[in-house]
Every structure is written in C-alpha cells, then in structure tokens.
Amino acid sequence: MPVLDDLARPGTDDDAVGGVPARLVAAPGSTEEAAALIAAAQDLTVVIRGAGTKIDWGVPPQALDLIIDTRRLSGVVEHAAGDLITIVRAGTPLAEIALGDQVLALDGPAGSTVGGTVAVNTSGPRRLHYGTVRDLLIGITVVRPDGKVAKSGGKVVKNVAGYDLGKLFTGSYGTLGLITECAFRLHPRPRSLAYVRAKAPAEEAARVREARVAPAAIEIDSASGELAVLVEGTPEGVRERSALLAKLLGGDVADDPPAWWGVDPWPSDGIGMKLSVPLSAVPELAAGGDPVRGSAGTGVLYAAADGITQVERLRAQCVRLGGHAVVLTAPSPVRDILDMWGPVPGLALMRRVKDQFDPGHRFAPGRFVGGI
Amino acid sequence: MSGIEELAIRLRASLGHERVVTDRQELRTYECDGLAHYKVVPALVALPQNTAQVAEVVRACADAGVPFVARGSGTGLSGGALPHADGVLIVTAQMRAIRSISPEDERAVVEPGVINLQVTRAATPHGYYYAPDPSSQQICSIGGNVAENSGGAHCLKYGFTTNHVTGLEVVTPDGAITRLGGRAPDAPGYDLLGAFVGSEGTLGVATEVTVRLTRLPESVRTLLAAFRGTDEAGAATSAIIGAGVVPAAIEMMDALAIEAAEAAVACGYPAGAGAVLIVELDGPSAEVAAQFDEVNRLCEANGAFEIRIAADDAERALFWKGRKSAFAAVGRISPDYIVQDGVIPRTALPEVLRRIDELAAAHGVRVANVFHAGDGNLHPLVLFDDAVEGQAERAEEASGAIIDLCIEYGGSITGEHGVGADKAKYMPRMFTDDDLDTMQLVRCAFDPAGIANPGKIFPTPRLCGERPGRHRGAVEYEGAEVF
C-alpha cells in the first residue's frame, strides 16, 4: 500500500483519541489523495481529525488504526462575493477564512476547522438569526469509506437537485466518511452591531421576540442571572432597536458582549452538556437549579455537570420538556459508564444509513449514537 | 386475482370502501400533477384519513411488492406525483387538520394535506406566519412542500421548506411509523429530517409536519422599478446585493412576461418597460427605512426610469399580482408553453439572459423570463404552438438547452420545482455516477425494495446491497404518454 506508506507516520501519545492510541496518522493534501488513502486503508479503522478542538467529544472509538488529519486540505477554493458564496477545503480553520465585507456565520471553539465544525455541528449565539451548519452548507464533497468521491448540492443557494447529503454529514461525527470540501452561503458583514445587557430572567426572552426588533442572538446565563441580546444592521437601525430593547429589559447598550457570551460553561476536564428544548420550556430549564447558558432565542443551551447524577437529572428534565440532552465531552472515568447520547428517536433508520455508507463499521466506530 | 385486486380487498377492509378507488374513470382524475403532459393512470388510489391508515396502505404495498406514490394537492411542476401504472397513489388531501399553533414555541403541527397558506392564516392572529411561500401557496399542500423542498419568492432571505421544518412523522417504505426531529432543535443522531425534506417521496410519506413559525415583520416595504432592459435590472440587483442589503425578495420580469401579465391581470406596470424589478424589504421599521432609501437610490443609479412605492397593502398586492400570475398569464399570449426552472450564480444573469435570447432565436421560439433575481433562480417560459408542425420539439430542445446553460455556469437543473419524472434524465449532467450512487445509499437505507415513488430523481436505480457501480437497467414509465 504505497499511498499509505508515503503519507502515514506512526501515531504518538498526543494522537490518542479519548485514551485510545492511534497506530498511524496520515495527512492527505487533496481530495484525490484522500480518496487514494482511504481506498488503500480498507482494512483499517479510521478517525478523522481537524484541529482536534473537539477530538475529546463523543464516545472514544472502539478501535483506531488510522487518523486522517485534514489540516493539509486547506484553503479557500472560491469566494464569489457577488453571489454570496464560498467554497473552502475542510481543514481550513474558520478564523482564517478572509471574506472581506462578508461573513460565514458559523461558530466553533477557537481554532476549529470547517470540517470539524460541520462534522460535529457546533453552533453559537448567532444561530438565532443565521441558522446552523445545515442552513448555511449548500454543497459538500466527501470521500466514502470505500474510497469513492461524491458530491451533493453545488455552489448556488437555491438548488433542489438530488438528495441533500450535506445535511446527512452535518453532525455525523466522521461516521459516514471524510468531508473534503464545503460550499457555504455567506451573509453581508453587518455595518453596525450592539449588545443589550440586562439582569433579567429567561422569561424576558419571549418579550424580546415579541418586540419585532429582529435580534441576531438572545443569550442567557442563569448563573449570573443575565440576559444579553445582539442587534445587527445599519447604524441608525441598530441605535434605535438597541435603545428600545434596553428600555424593555431595563438594561444597558454596550459595544461588547458579557464575558460569558458564547463561552462553554464547563472546565476543560469537566462534563459538558448540550441541552435542547422547545422555546417555551427555556424559562423552566433555566430556573431548574442547574446553571445553564446559551440561546434562549432557539432553545439550545449548555451546562456543566459535576457528575452522573446531575447529567441524569438534566436529561430527565429535558426529555420531560420535549427535548434532548447530550453529553458532548466528559473525562474518562465518567465517560466509560455514561450514556453520552441519551435516547435517540429514529435510531433503527440511522443504523441502516450507517450500514449503507460504512458496512464494515470502520469509520469512527462506536463514537456516535447507539454505538454507531 | 391480480395483486392489485387483492390489495384493493385488503385496503377496503381496513380503510373503508369509499377510501379506495379502482374505477377507471375516477382513477383518471389523478393521472397527472401540475406537469400535465406526463400522464399515467394509477392502478389504485387510496385516500387515507390518518397516519395509521397511511401506514396500513404502505404496509400492504410492501407486502405485495407494489410501488406507491404519494400526492398532496398535485400542483408539483416536475411530475413528482406522477402515478405508477401498476402502483398505488396515496392521496393525503383528506389529512387536513392543523393540530396546533404554538406561538410560545414558534411552531405549528399540521397534517400533510394542509394548504400552505392556511398555516399562515392560522398563525397570523398570534403575530406569526409560515415563511416559505411558493406561488401556488393557495392550493399546494405542506406534505408536497416537504417532498419537494419548496421555495418561493421570499426564500432569498428566509430560506426554503427545509429551513422551516423541525419535525416529521413519516411512514417509511416498510410501513413503519418513525419520528424525525420535533419541536426542539438539534435532535441527536443523523439529520434524517434534512435528508427526507426534498427527497420527492422516495424515502416515504410524511404524515405529520412540525414547522417553524416566523414573527411577522414590523414593517414591509415594496417597490416596483421599471428599466429599459434586463441588463439594467440585473445590474441594479447586483448593486443591491453588493451593498449588503438582504431584501425579502427581488423578482424580475422581462418585456414578454410583462406583456403576458398585462394581458391576463392588467397589473398596470409602467409602459415601455423592458424589465421590471419588484424589491421587497421587511424587518424592524428602523432598518427597513434606511435600506429602502438605499435600494431606491441604487435602482435609479442603474437606470430605472420609473419607481413606484407601494403606498398600502392593496398596491403591494397589485405589484405582486403580475408576478405571481405570470406562469398562467403566458397562456394569454401563447397557446402552449413550457415552464423551466434552473439556477445560475446571480452574477452570470446578464450573460445567461443573452444566451437564452440566442437559443430562442436559433430554435425559432419565444422565451419569456420571470425569475427570482436575488438568488439566480430562472423560470424561462418557452412559448410555442403545438398546432405548428415541429414547434413542440423545438421548444423542448430550447428548454433542455437552457438547463445545459445553467449547468455550464455552475448552477443547478432545478431551484424549486424538483427533479421528479421530468428531469431525472438531466441528473447525470450535473452529477457523476458516484454522486448519484452515494445519494442512493440513503435510498437503500430507507427503501431497499425500491417501492417508494420509483423512477423519480434517479435515472438509473441502484440495486440495494449490490456493489457500487453496477446498475440494473433504467426503468421507463410504463404506460406514460408524453405529449
């Protein structure tokens, strides 16, 4: 297997994923090279890694022969400003995509790559206005576990030709194949923005929505009792809208967000949870005694848990409220005895999808829902 | 007894006599959808009233190995609901209940036969609406919108059906009832909801749909700008987008489309216009006011010789009337026409319109252009007279050549009407065999027997379980009469 010999180096201690050592690490430089590598690695179990900012998320792999490092699959392929789209390679760090007066409205941990953001489906405060990966991704190129290259979508925003594989790969944690290139819809960079910060309970988020000021984000932090709203637009519009909100909430207009804005509430070696509930349930979740932080405008919040009891309590509460609670990351002793994903509707169908794409169960084995 | 006769007996027992149609004359009323030149009479029509009955019909089909096709209002323009001659047509039109409107969750839960506009009507008293607004919104069903991932004039700013559906209850092709997503966002696991929306009925039947409701904007302002030609109108569009304005809609009509609309609905657009733009902005009053002035200025700067600003809802409705009636209006100036749906990068607009003119001249047909200029979604209307020998063929050729143009410029063969039966043949021009094969892996996961709306989207079905790259022969529409 010359491709494998040429590209792969032995794994080191630093390459271990969730405590599982990697035998080999390879960093292909193009979609074609990645396809050749994967075709040559048909007997190997594989985990895909970008910058590694979320490599400790999900369940540790059951086996790990080869890490495919995407960081050489890097750079902006196309930025068609007039068409408000860009095509970028998967290993490109989000922060390095220079788009002038346009933005790719995705959020992830500092240093995150495009591929990692798509594969794990991270989102931040601005999801209220801009949506998440699934709303911005308009085309995708992948290498299947059998080494075949496939595309879906394209580089125009409006497009209903064929199945939307981009959505299937979004949040799939590397279990369906390698993402090599993504096309995204862009937005104009707002000319002006302001934050409105207030001491206010989560109930007040409903009043912000009703005010018809079209906020870009509504965030709460139950530990500090603060609510903060991001307003974007023209300078005149932002001034008027933020003043209205400040009056409504009894808060202040600021140029900068509060320190907790968009920051994961768990320490680096702690248990981090993502909670999603229907909008009307956010106040109850926020008042439940366990500190939560996140998007009161969409019902996606985050929490640090101090142990399994708290995980189970939060999960029971979210499920009762009609939502979900996923443990994104946890230190190894907890991780080993914890159900990180919780109950998953539609699991039987998901297994069938996995079996079609990766019949040998070699890609990220065991990392995803239901042991996929 | 034939398989269909046995199926009819089973379905009459479980659904009731009046919900199973086998009379040839009655079956004929279902022979086509909005793309009326494809006609196939189904073997049986089932009219289920609830999820359990849909599941029963699908299970019966699965047991008998009989294909099924789901149909909502039958307004689709790509033959997505074209029946199968030996199959069952499942019509969801009787499942029309709006189950809940929950402004506090910004969600509505509706049955698949509910009409698109009814959702907005039910939500408006609460200060909300359902954003996707296909031009057929007064008659098209939410179930059909889910199947086709329908768009509309306002999807430039608000996105398509897929961005507004958060949960589905579906009957998969084995007859099982499954929930995908729900009221809360970000359900764990694969985004099968995202794969299902827009799968054109090939992955199963949606039996309940949870949609996002959008807050009604504080302000809506609409202008109509008249230009000498499409080049100027296209330049104005680019200038507006380039200035960082995201209008709710930018729609363009060319001279021929305006002529048709005037003949049909007397919309009173400015005389002498070679192109008109309808630009609509919505949002907080403070934003809209600032941006509206800018749009006005940019239209003038790019050669608009008349700009009208809608003074009230009535005038706004009049601006839209010409645009929304344009497809049907073309019937006033031409005995026959083909509605095309393709997408190009917006910046290629002037060049592609010139190429379409050349194509029309070369084929001896006229082409009227109506389109969502903001997102490059073209709807060329190819006009012809079937009574004139050879015109239908030339129109069909011109229409196909326009699709090739869209692909050449890096666009898509369909922006909102879907692939259906009509464009499956074009799919290999846009996608490789491996691309199509990979999409069909999803199909195999949902429908290994290939009984859900077979023959749509994919020109060559993949035999599930076989090694990739090998295909069974393409299936033609048995009994399809194409005229």
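Student: What pLDDT does chain B average? After that, please look closely at the side of chain B that touches chain A: which elements give two or more residues to that side?

Tutor: Happy to! Chain B averages a pLDDT of 93 (the predictor's confidence in each residue, from 0 to 100), and 96% of its residues score at least 70. For the complex, the predictor gives an ipTM of 0.97 and a pTM of 0.96.

Before we go on, note that this is a predicted model, where local features need pLDDT of at least 70 and side-chain atom pairs count only at pLDDT 80 or more, while totals for chains, interfaces and linings use all residues. Residues are numbered from 1 along each chain as its sequence is written, with chains lettered from A and ligands numbered from 1 in written order.

Now to your part. In chain B, 72 residues are in contact with 69 residues of chain A; two residues are in contact if their C-beta atoms, placed from the backbone, lie within 7 Å. Two or more residues of this side come from each of strand E10 (177-181), helix H7 (192-196), helix H8 (230-242), helix H10 (285-301), helix H15 (427-430) and helix H16 (433-446) of chain B. Helices (H or I, at least four residues) and strands (E, at least two) are DSSP runs, numbered from the N terminus. The largest share of the side that touches chain A comes from H16(B), with nine residues. By class, the side of chain B that touches chain A has 30 nonpolar, 26 polar and 16 charged residues. Here Ala, Val, Leu, Ile, Met, Phe, Trp, Tyr, Cys and Pro count as nonpolar, Asp, Glu, Lys and Arg as charged, and the others, Gly among them, as polar.

Let's stay with H16(B) and find one of its partners. The axis of helix H12 (residues 347-357) of chain A comes within 8 Å of the axis of H16(B), and the two cross at roughly 135°. Axes are lines fitted to C-alpha atoms, for helices over the stretch in contact, and angles run from 0 to 180 degrees between N-to-C directions. From H12(A), the residues Leu349(A), Arg352(A), Val353(A), Gln356(A) and Phe357(A) meet Leu441(B), Val442(B), Cys444(B), Ala445(B) and Phe446(B) of H16(B). Eight residues of this contact are nonpolar, one is polar and one is charged.

H8(B) and H10(B), which both give residues to the side that touches chain A, also pack against each other: their axes are 9 Å apart, at an angle of about 145°. On the H8(B) side you can pick out Ala236(B), Ala239(B) and Ile240(B), which meet Val295(B), Leu298(B), Cys299(B) and Ala301(B) in H10(B). That contact has seven nonpolar residues, with no polar and no charged ones.

To place this part in its chains, look at the domains (bounds come from an automatic or database domain assignment). Chain B has domain 1 (3-91), domain 2 (98-215) and domain 3 (219-408). Between domain 1 and domain 2 of chain B, the C-alpha centres lie 23 Å apart, and the contact takes 14 residues from domain 1 and 21 residues from domain 2. On the domain 1 side, helix H3 (51-64) and strand E4 (68-71) of chain B each supply at least two residues, and H3(B) gives the most, six residues. This side of domain 1 of chain B holds seven nonpolar, six polar and one charged residues.

H3(B) has a helix partner too: the axes of helix H1 (residues 3-15) of chain B and H3(B) come within 10 Å and cross at roughly 155°. H1(B) contributes residues including Leu7(B), Leu11(B) and Leu15(B), and H3(B) contributes residues including Val57(B), Ala60(B) and Ala64(B). Six residues of the contact of H1(B) with H3(B) are nonpolar, three are polar and three are charged.
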